[in-house]
Amino acid sequence: MEHVHRHIDEHFKDYLSAVGDLVRQPSISATGEGVRECARLLADMMTSAGIRTEILETGGNPVVYGEIPSGRKDGKTVLFYGHYDVQPPEPLELWESRPFEPAVRDGRLYARGIADNKGQLMAHILAVRAFRETGTDIPCGVKFVFEGEEESGSTSLAPFVEQNRERLACDIALAVDGPMLSGDVLNVCLGCRGVLNFEIEIETARFDCHSGRGGDIIPNAGWELLRLLRTMKDEQGNILVEGFMDGVRTPTEKDMEIIAGLPFDRENLKNLYGVPSFGLDKNEYYTKLNLLPTLTINGITCGYQGKGSKTINPAKASVKMDARLVVDQNPLDVAEKIKGHVARHAPGARVTVHGFMYPSKTDGDLPVCRTVVSALEKVYTDKVALSLGLGGSLPSYVWTDILGVPALGIPYANQDSGGHAPNENFRLDLLQKAVHASAQILHDMK
């Protein structure tokens with residue numbers, strides 16, 4: 001492995017060029033722009049690295065699948081999951097450089113998708129390339145599932161896994177995505193929250209009317225929406241939707257032991273998010289982040305929002321929301337409870353579900369999980385910590401619930417990488433370390 005690690009360092013500029021080629025290709029799943037072109041480019045890169053690769057069709061965007069069989073009869077197999085699709089780059093005016101033209105500034109590579117998730121999935125391909133270029137055997141079997149719909153709900157992934165159980169058989173699935181914790185601590189996630197994306201629309205009249213003639217006479221859609229939203233959460237942030245919290249577990253002693261081993265820097269969090277204060281203590285922060293569901297307003301649309309004023313009484317209002325869900329919560333069941341709540345408090349309002357993922361959970365004490373953590377500790381030394389879960393959502397349930405294997409979430413990107421935001425970036429030192437980490441996992445997974 002010394003030879004492999006040295007080769008990675010000596011050839012990192014070449015590897016960085018390959019990463020740049022991938023992020024230069026747009027692949028916006030929300031619009032479809034460049035998605036298939038990106039799949040073909042990624043497949044070509046994998047093939048060039050010595051990975052047996054196919055582009056497999058799904059009900060939506062294709063999966064780029066690759067594999068390297070184990071040379072040992074009793075060899076283990078690791079499956080790397082990632083996604084080649086990205087979020088839309090808007091608002092473009094907030095980017096300091098063009099989103100699909102990778103730019104290096106101050107030790108970081110800036111581009112849409114560099115951290116979420118192209119730079120992270122490339123770490124696996126480049127690790128394989130380092131083994132091949134040094135003539136070093138990979139002692140385990142390796143499989144790669146890179147989908148093109150994660151940023152739009154991974155709609156086709158579960159059916160794909162169902163239909164390819166035998167092909168995807170492995171000992172562990174690793175979803176490498178997301179940002180580290182403060183202080184460059186790599187938090188190995190033992191699961192992730194599920195998510196439900198939905199929209200509520202209210203219509204109170206056939207058209208927007210003059211506010212002098214219709215104000216306080218014709219029902220105002222904006223006020224009606226606000227009244228509804230106030231029934232869904234109280235002043236303390238408690239979710240009031242009937243039955244929403246059913247099945248949410250009380251934190252165990254083991255949960256609190258894991259939280260005790262995680263870093264916590266209140267001042268860093270305050271500065272990171274640009275908020276005047278950060279009132280949560282360590283236990284409260286990680287309990288909310290990993291063990292409790294959320295109900296979040298993503299955006300509200302109502303009436304006139306242009307320059308100046310327009311005195312109207314709006315006839316339509318809508319809100320886009322998401323709910324992050326924890327283990328034992330079923331997103332479809334939660335959706336029905338939200339629909340029931342809306343029907344009771346705002347009859348006539350329409351609820352539309354736009355997508356969902358189930359939550360997942362893995363036992364970190366499994367030997368195969370300990371092997372992965374041990375490999376990571378060789379690269380990140382004393383900066384690896386077990387985490388109860390990912391605050392966000394990944395479709396890891398397809399591995400734990402459908403394929404029946406443990407799944408770990410591993411975030412290689414810097415905490416301030418800005419995924420989904422303008423000026424998304426990946427620190428070059430951490431990108432280089434990511435290639436080392438994937439290589440070490442492949443070496444140790446014997």
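User: Let's start with V185: does it count as buried or exposed?

Analyst: Before the answer, keep in mind that this is a predicted model. To read burial, look at relative accessibility: under 20% means buried and over 50% means exposed. V185 has 13%, so it counts as buried. You'll find V185 in the loop between β7 (172–176) and β8 (186–189).

User: What about salt bridges? How many are there in the whole structure?

Analyst: The general idea first: side chains of opposite charge can pair when their charged atoms come close. Here, a search of the whole structure turns up 24 salt bridges. One of them joins E162 and R165, at 3.0 Å from N to O. E162 is partly exposed, because its relative accessibility is 41%, and R165 is partly exposed too, at 39%.

User: Which residue does D184 form a salt bridge with?

Analyst: Its partner is R427, and the closest N and O atoms are 2.9 Å apart. D184 sits in the loop between β7 and β8 while R427 is in strand β19 (residues 425–427), so the pair ties together parts that are 243 residues apart in sequence. With 22% relative accessibility, D184 counts as partly exposed, whereas R427, at 18%, counts as buried.

User: And which residue pairs with D444?

Analyst: K378 does, with the closest N and O atoms 2.9 Å apart. This pair also links distant parts of the chain: D444 is in helix α14 and K378 in helix α12 (residues 367–380), 66 residues apart. D444 is buried, as its relative accessible area is 15%. Salt bridges can form networks as well, and D21, R24 and E101 are linked in one.

User: You mentioned helix α14. How many residues does α14 have, and how far does it reach?

Analyst: In an α-helix there are 3.6 residues a turn, so residues three or four places apart point the same way. Helix α14 (residues 428–444) has 17 residues and reaches 25 Å from its first C-alpha to its last, close to the 24 Å expected. The helix is mostly covered, with 13 of its 17 residues buried.

User: Last one: the backbone. Where are cis peptide bonds found?

Analyst: Omega is the angle to check. A cis bond joins E90 and P91, with omega about 5°, and P91 is in the loop between β3 and β4. Another cis bond joins D116 and N117, with omega about 15°; N117 is in helix α4 (residues 114–133). D184 has a positive phi of about 60° although it isn't a glycine. T381, also not a glycine, has phi near 45° and is found in the loop between α12 and β17 (384–387). T381 counts as exposed, at 54% relative accessibility.

Terms used: Residues are numbered from 1 along each chain as its sequence is written. This is a predicted model: local features need pLDDT of at least 70, side-chain atom pairs count only at pLDDT 80 or more; totals for chains, interfaces and linings use all residues. Side-chain values use heavy atoms; hydrogens and water are left out. Helices (H or I, at least four residues) and strands (E, at least two) are DSSP runs, numbered from the N terminus. The expected span of a helix is 1.5 Å times one less than its number of residues. Buried means under 20% relative accessible area, exposed over 50%, partly exposed in between (1.4 Å probe, protein chains only). A salt bridge is a side-chain nitrogen of Lys or Arg within 4 Å of a carboxyl oxygen of Asp or Glu.
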